[in-house]
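Have a look at the model first.

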Amino acid sequence: MDLNPYLKELYAQGIKNGFLKVHNHPEIQIPVKFPITDEFCQIIGLWFADGSFDRKKGGNIELACGNDSECVSLVKKFCQSLNIKYKSGGKQNIRLRLMSKTLAKIARLIFGLNGIANTKRIPSWIFNLSDKQIG
């Protein structure tokens with residue numbers, strides 16, 4: 001997914017070596033040509049199942065799966081691929097918060113992840129993925 005048309009809406013100061021230059025976070029490595037990997041599809045699936053955006057301005061992605069070691073491993077691997085951090089918290093550390101408002105903005109603006117539990121809808125682009133990625 002090409003992020004170039006959305007640079008003004010993202011928390012980016014431009015592009016450097018194919019990655020967004022994220023305001024105040026030079027360590028973050030979000031590719032301008034954002035890959036729709038299997039891990040990203042799984043993160044989206046977890047968001048649809050029991051995820052949200054935190055209530056802070058701009059919001060981060062939150063997933064309620066911190067009590068599942070397989071989910072934690074997935075989130076850790078995904079976050080490492082973009083060089084972003086995640087935190088666990090909430091009751092019994094069930095919540096995993098992906099600490100990138102830019103990534104959350106990309107999820108909302110470009111990938112159409114919006115809504116709350118009863119208003120979430122599957123965006124149409126998902127149906128153009130492979131059967132494996134849809135699964």
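This is a predicted model: local features need pLDDT of at least 70, side-chain atom pairs count only at pLDDT 80 or more; totals for chains, interfaces and linings use all residues.

Residues are numbered from 1 along each chain as its sequence is written, and side-chain values use heavy atoms, with hydrogens and water left out.

**Helix H3 and Thr-102**

- Thr-102 belongs to helix H3, residues 101–109 (helices, H or I with at least four residues, and strands, E with at least two, are DSSP runs numbered from the N terminus).
- Thr-102 is buried, with a relative accessible area of 2% (buried means under 20%, exposed over 50%, and partly exposed in between, with a 1.4 Å probe and protein chains only).
- Leaving aside residues up to four places away in sequence, Thr-102 touches Leu-10, Tyr-11, Leu-20, Val-22 and Ile-30 (contact means heavy atoms within 4.5 Å).
- Ser-73 sits 29 residues from Thr-102 along the chain, and their C-alpha atoms are separated by 22 Å.
- The buried residues of H3 are Thr-102, Leu-103, Ala-104, Ile-106 and Ala-107.
- Their cover includes strands E2 (19–22), E3 (51–53), E4 (61–64) and E6, along with helix H2 (69–82).

**Pocket and cavity**

- On a 1 Å grid over the protein atoms alone, a cavity is a set of points where a 1.4 Å probe fits but cannot get out, a pocket is an open set with protein on both sides within 12 Å along at least five of seven lines, and lining residues have an atom within 4 Å of a point.
- The largest pocket has a volume of about 370 Å³ (the space filled by probe spheres set on the points, which are joined across faces, edges and corners).
- Of the 19 residues lining this pocket, His-25, Ile-28, Met-99, Ser-100 and Lys-101 are the closest to its centre.
- H3 and strand E6 (95–99) each supply at least two residues of that lining.
- The largest cavity has a volume of about 40 Å³, and its lining consists of Phe-40, Ile-43, Ile-44, Trp-47, Ile-61, Ala-107 and Leu-113.
- Helix H1 (residues 38–50) gives the most to the cavity lining, with four residues.

- Ile-122 lies in the loop between H3 and helix H4 (131–134).
- Ile-122 is partly exposed, with a relative accessible area of 46%.
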